[in-house]
Amino acid sequence: MQIDFGGGSEISFERKGRAGLVRLTRASALNALTHNMILALHRALDAWEADPAVACVIVEGEGRAFCAGGDVVAAYKAGREGAPNYDFFRDEYRINARIGRFSKPYISLLDGIVMGGGAGISVHGSHRIVTENTLFAMPETAIGFFPDVGGSAFLPHLHDNFGYYLALTGNRIRWGDCLQSGIATHAVAVSDLEDVREDLIAAANFDALAARSQYPDFETAPQARQVIAECFAHATLDECLATLRGLADKGSKPATDILTVLATRSPTSLAVTFRQIAQGGSLDLDDCMRMEYRIASRMIEGHDFYEGIRAVLIDKDGAPVWQPSSPDAVTAEAVDAYFANMGERELSF
């Protein structure tokens with residue numbers, strides 16, 4: 001039975017068997033989240049949590065992506081027109097926290113591209129199922145932003161500082177890395193995914209998921225994981241970078257590769273992200289989302305967010321001009337400003 005929660009053609013909802021089904025249907029935009037989609041999903045979760053006939057919720061994407069992120073181009077345009085879209089981020093962060101509090105199994109079928117906002121509507125749920133098609137990333141530092149949507153809640157807890165690496169570099173990983181690091185709870189071959197899905201729909205039966213689970217190993221090589229574990233174990237970003245440089249000078253290719261990527265990222269984003277991940281490890285999800293809303297509200301009032309989106313998604317010249325242009329020029333006072341309490345503008349639930 002199709003249900004209209006106000007998502008229009010961008011997201012569909014269906015009650016089938018024991019499941020509430022959510023399907024992101026902006027395939028041409030890689031299912032990037034719009035404000036309309038976020039509000040509709042919130043209505044659906046409210047209705048289905050109260051409905052005893054719904055035993056679980058299954059979220060999936062149409063086409064080759066689960067969800068490639070939030071619609072940052074829309075945010076770019078709103079900001080350039082003098083009306084930064086605070087409401088979009090407020091409601092996106094509320095749905096991230098809502099998923100974390102959802103009392104029934106919330107199952108994401110991460111078959112395809114999962115980036116940014118796509119992580120936000122999946123990683124806080126109870127079941128995150130990856131396949132050999134999964135391509136996961138938190139690429140925000142490349143556009144002058146930060147790994148939001150609850151990145152501060154899950155990235156600090158990944159094994160061996162892997163979350164710092166993903167947050168700062170924005171590098172892409174596959175299903176083995178997702179499973180072994182803790183981003184995913186299960187891995188299932190694409191050829192088995194439909195059978196698992198049908199069992200969940202019919203009876204909220206998790207036996208097929210257990211029986212068909214795969215256990216792919218890390219794709220990131222042991223040498224690279226060792227560099228990540230060692231270099232991102234420090235209390236400050238400067239110390240991490242110094243350790244990377246020391247290893248690179250000794251001929252470490254993983255360290256050199258990481259430094260090469262970091263050199264292209266917004267220095268402000270790197271500094272803010274490092275502190276965000278460090279602080280997030282001791283916060284619950286709601287407090288993480290409050291912190292992230294403070295950061296996002298300041299970033300959409302600044303320079304690098306718009307310059308990054310221009311360079312990557314608008315003009316696509318790949319040559320952002322960051323302000324400031326180097327990590328050394330990002331002051332502690334400037335970073336502090338992103339985390340300052342906003343009083344009446346604080347995020348509420």
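A cavity is a set of grid points where a 1.4 Å probe fits but cannot get out. With that in mind I searched the whole structure, which is a predicted model, and I found one cavity of 30 Å³ or more.

**Entry 1: the cavity.** I looked up the volume of the largest cavity and noted about 60 Å³ of space. I then listed the residues around this cavity, and they are H159, D160, F162, F218, R225 and I228. Sorted by class, this lining has three nonpolar residues, one polar residue and two charged ones.

**Entry 2: the annotated domain.** I checked the UniProt record, an unreviewed entry, and it places the feature "domain: Enoyl-CoA hydratase/isomerase" at residues 20-339. Over that stretch I noted that the chain is 52% helix and 11% strand, with the end C-alpha atoms 37 Å apart.

**Entry 3: the largest pocket.** The largest share, three residues, comes from α3. By class I recorded 17 nonpolar, six polar and seven charged residues in the lining of the largest pocket.

**Entry 4: the second largest pocket.** Here I noted a volume of about 280 Å³ and a lining of 14 residues, of which T236, L237, A271, F274 and V335 lie nearest the centre. The elements that give two or more residues to this lining are α11 (237-249), α13 (267-280) and α16 (332-339), and the largest share, four residues, comes from α13. The lining of this second pocket divides into nine nonpolar, two polar and three charged residues.

**Entry 5: helix α1.** I then listed the buried residues of α1, which are M37, I38, A40, L41, A44, L45 and W48. Seen down the axis of α1, these buried residues fall within an arc of 165 degrees, so they line one face of the helix. I reminded myself that an α-helix has 3.6 residues a turn, so residues three or four places apart point the same way.

**Entry 6: helix α8 and what follows.** I repeated the length check on α8, where 14 residues (190-203) should span 20 Å at 1.5 Å a residue, and the end C-alpha atoms, 21 Å apart, agree with this. The buried residues of α8 are D192, L193, V196, R197, L200 and I201. Just after α8 I came to A204, which takes a positive phi of about 50 degrees, and I placed A204 in the loop between α8 and α9 (207-212).

**Entry 7: the loop between α15 and α16.** I kept in mind that most residues other than glycine have a negative phi, and most peptide bonds are trans. In this loop I found K316, which has a positive phi of about 60 degrees although it is not a glycine. Since exposed means over 50% relative accessible area, K316 counts as exposed at 61%. The loop also holds P324, and a cis peptide bond, with omega about -5 degrees, joins Q323 and P324.

Note on methods: Residues numbered from 1 in each chain as written. Predicted model: local features only at pLDDT ≥ 70, side-chain atom pairs only at ≥ 80, totals over all residues. Heavy atoms only, no water. UniProt positions renumbered as here; feature names shortened; annotations may be inferred. Nonpolar A, V, L, I, M, F, W, Y, C, P; charged D, E, K, R; others polar. 1 Å grid on protein atoms, 1.4 Å probe; cavity = no way out; pocket = protein on both sides within 12 Å on 5 of 7 lines; lining within 4 Å. Points joined across faces, edges and corners; volume = space filled by probe spheres on them. Buried < 20%, exposed > 50% of the residue type's maximum accessible area, 1.4 Å probe, protein only. Arc of directions from axis to C-beta. Expected span 1.5 Å × (residues − 1).
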